[in-house]
Amino acid sequence: MPDANVRIPEEAKDRLAAIAAAEGLSLRAYLARLAETLLTPAERAERAAKALATLKEWTGYAPTDADQRDLDNELDRRLAQVKPR
């Protein structure tokens, strides 16, 4: 596969290179691995739909959009209460 050049700020490149080095990888290898492991918005939506279908199949629970918003708000509220270490 041919390489591509990507323009990013020098500070971002240096940070990514340091993270890669800490994992024993070159920046090229780290970015290739990152690209393989991250999901696109469409892939995330597909996985979420499959998870909801499985949840409904296994438990009969089918949360509405309002249920999901309420649960998301509750999770956000609880996460806001957690003090960073």
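Helix 3 is followed by G60, whose phi is positive, near 80°. Helices here are DSSP runs of H or I with at least four residues, numbered from the N terminus. The model is predicted, and local features need pLDDT of at least 70, side-chain atom pairs count only at pLDDT 80 or more, and totals for chains, interfaces and linings use all residues. Residues are numbered from 1 along each chain as its sequence is written, and side-chain values use heavy atoms, with hydrogens and water left out.

Helix 3 covers residues 41-59, and its 19 residues reach 27 Å from the first C-alpha to the last, close to the 27 Å expected at 1.5 Å a residue. The expected span is 1.5 Å times one less than the number of residues. Helix 1 (residues 10-22) has 13 residues and spans 18 Å between its first and last C-alpha, close to the expected 18 Å. Just after helix 1, G24 adopts a positive phi of about 75°.

Helix 1 packs against helix 2 (residues 27-37) at an angle of about 90°, with the axes 8 Å apart. Axes are lines fitted to C-alpha atoms, for helices over the stretch in contact, and angles run from 0 to 180 degrees between N-to-C directions. Helix 1 is therefore roughly perpendicular to helix 2 (65 to 115 degrees). The contact (heavy atoms within 4.5 Å) involves K13, L16, A17, I19 and A20 of helix 1 and L27, Y30 and L31 of helix 2. By class, this contact has 7 nonpolar, no polar and 1 charged residues. Ala, Val, Leu, Ile, Met, Phe, Trp, Tyr, Cys and Pro count as nonpolar, Asp, Glu, Lys and Arg as charged, and the others, Gly among them, as polar.

The largest pocket holds about 580 Å³ of space. A pocket is an open set of points on a 1 Å grid over the protein atoms alone where a 1.4 Å probe fits, with protein on both sides within 12 Å along at least five of seven lines; lining residues have an atom within 4 Å of a point. The lining comprises 15 residues, of which A4, V6, R28, L31 and A32 lie nearest the centre of the pocket. Helix 2 supplies the largest share of the lining, 6 residues.

Methods:
Helix = DSSP H or I, 4+ residues; strand = E, 2+ residues; numbered from the N terminus. Parallel < 35°, antiparallel > 145°, perpendicular 65-115°, else oblique. Points joined across faces, edges and corners; volume = space filled by probe spheres on them.
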